[in-house]
Amino acid sequence: MDWRNLQKARMALFAELISRVPQASMGRTMLMKLCYFLQEVRGVPLGYRFTIYSYGPFDSEVLSDLNTAVGLDGVKSTVVYNSAGYGYRLEPGPMSAAIRDDGEWFLRQHQDSIDWAVEEFGDKAASEMELESTMVFVDREAAGRGEILSLDLLTDRARNLKPHFQREHIAARAKDLYSRRLLKSVKREAALSA
Amino acid sequence: MGLDHIYEIRCPVHGFVALNAWEREIIDQPAFQRLKRIRQLAWTDQVYPGAMHTRFEHSLGVRHVANLLFDSVVRNSRALLESDLGYNETGLDRYRQLVRLAALLHDVGHSPFSHSSEDLFPERDGGGKKYVHEEYSAAIIRGPLRDVIENHRANANYAFSADDVAALIEGSAGAQKGIFWRDLISGQMDADRMDYLLRDSHHTGVHYGRYDLHRIVGTVTALRSGENSGLRVGIQEGGWHVAEALVLARYAMFTQVYFHKTRVAYDIHIREAMKAMLPNGRFPRPTELDKYLEWDDWKVLGLLAGGQGGEHGERLTQRKHYRRVYRSNEMMSHRDRECLEKLEERLGSLLAERVPAGRSKAWYKTDGSDIPVLSEQDGVARPLSYFSRAVSYLGKHDQVFLYCRPEDRLEADRIVKEVGGNGLA
């Protein structure tokens, strides 16, 4: 896909996701991690390069594209403050429909994956999205090396990257991710022995 | 010399950069010395003649700044690092050295003329994505530099593997609990950005890139930005003005230097000239490091002098570079984009190249991420845009340039005038 069509595809995807994910959940973290899952789990060709940070898989280009979408009035971004800090709320902008139309061909092609992402993750909190995407990142890295992980090992590695979560919580997420068929490096035998 | 010996190297930006014996031996390696033969800003000297600095001194500078940032984060937020990440004195000492090594080596995998040639990296097996220079850096660390990292006497104190250093640079899960420090190597306020802004400003003579490094170093801290969120690197409220200055410096340098119309034209030509020189138009893969490391600016310049590089090589040697005939608004509306598409269609074969500012994300990071600031009032993080009106209004630089061949300039200008639109030549 050439750069111009890729931009249109990304803009359309953003407009689509932001119009479908419940407003209470839809912020920058949700958008970032949805792009991650769509690309890395479902193979949607977004052209991003995600690497790991303490806040999960991240590519600054997603936020750069979000800024473009805001500039085009396709998305409205508002900072939301609370007692713990802040987040961002994303809503459709006045040109949201136009942007989606520009990339309609892309949305049609990947409709199943988009539906899956919204259903699978749409109601999750940002912190859970960070944790789950981190765990899938660890899993995919291992799978890329041909490594087989147990759920325990996946839990330990994820906890190294997200130490503020309790181990029991991460372990429960690992089992859940396995049951949702989101893990490639954890085989049935390794999962059953956990 | 003993392991404690400090080697000082003069730096026009930082005064002196101090290296320990281990780091001194690392920079002596051929793979690191190669950075002396890779210019930081490619052909920017065609516009700003002083811009001849290399990746070598920039890498030393990043090492220097990363160390300052690390020490400041520890000083300003030790309790949080201990409670949230379980660090103790030994752990902190270990991570300090790890950050220093990663900062020193973060650019070791750069291709000739730096970012100009990033489009010439090969695709991974299975097609799709291209390699990036960080992956070459990681490969070099795991390859030719593995021995000097793992088997140096100083490593008896740390037991680092080459993988530990590579993981922090490439952003892989192998970074483990050290992942927190990645923000100092590659983040919104990383040591890389802090050094290159000052260094590029110094060598080009463009003062817009200057900001108060010492103030920003003094206020950097670890903080939590939201509920259930882990630690990240941010700024104490007392430093928000200088964080604002950093963001504005980045914006000014981008528009005045990195995205200067003539500089961009030379990027096009050097990229295409190298494409003509390289076997299959692509650099060797990270698995063929011996061949890759042969490529540096000197090799390319020698080939250019020998007449290689095709049409674009000739344009470089004879200064017949492409001319910009149109630039869009910095932030394009829907209507601006429609107008741009119309113009491109009308220009047809006269259009030699279209350069969107955001095309390569490696380009000096003009993304929209917002620096977290720790409020003095309630100890809670706020984005920088909460304090700084200038930052809140600063959008993304989304400008597009259209270029033609110099011989087609008159006709292209006529078409641009005819079509109109909100852009300018």
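Colleague: What makes you say that domain 1 of chain A and domain 2 of chain A are in contact?

Modeller: In this predicted model, 18 residues of domain 1 of chain A are in contact with 13 residues of domain 2 of chain A, where contact means heavy atoms within 4.5 Å. Domain 1 covers 3–121 and domain 2 covers 126–192, with bounds that come from an automatic or database domain assignment, and their C-alpha centres lie 24 Å apart.

Colleague: Before we go on, how were the residues, chains and atoms treated?

Modeller: Residues are numbered from 1 along each chain as its sequence is written, while chains are lettered from A and ligands numbered from 1 in the order in which they are written. Because the model is predicted, local features need pLDDT of at least 70 and side-chain atom pairs count only at pLDDT 80 or more, whereas totals for chains, interfaces and linings use all residues; side-chain values use heavy atoms, with hydrogens and water left out.

Colleague: How many helices and strands does chain A have?

Modeller: Chain A has ten helices and four strands, counted as DSSP runs numbered from the N terminus (H or I with at least four residues for helices, E with at least two for strands).

Colleague: Why is chain A called as compact as a globular protein of that length?

Modeller: The globule rule, which is 2.2 Å times the number of residues to the power 0.38, goes with a radius of gyration taken over C-alpha atoms. For 194 residues the rule gives 16 Å, and chain A has 17 Å, which is close, so chain A is as compact as a globular protein of that length.

Colleague: What does the rule say about chain B?

Modeller: With 425 residues, a compact globule would have a radius of gyration near 22 Å, and the 23 Å of chain B agrees with this. Along its principal axes, the C-alpha trace of chain B spans about 70 × 55 × 45 Å, and its secondary structure comes to 19 helices and nine strands.

Colleague: Why is B:Thr219 called buried?

Modeller: Buried means under 20% relative accessible area, exposed means over 50%, and partly exposed lies in between, with a 1.4 Å probe and protein chains only. B:Thr219 has 1% relative accessibility, and therefore counts as buried. B:Thr219 sits in helix H10 (residues 213–219) of chain B, and, not counting residues up to four places away in sequence, B:Thr219 touches residues including B:Ser72, B:Asn76 and B:Gly234.

Colleague: How much of each chain counts as buried?

Modeller: Buried residues make up 60% of the 425 residues in chain B, and 56% of the 194 residues of chain A count as buried.
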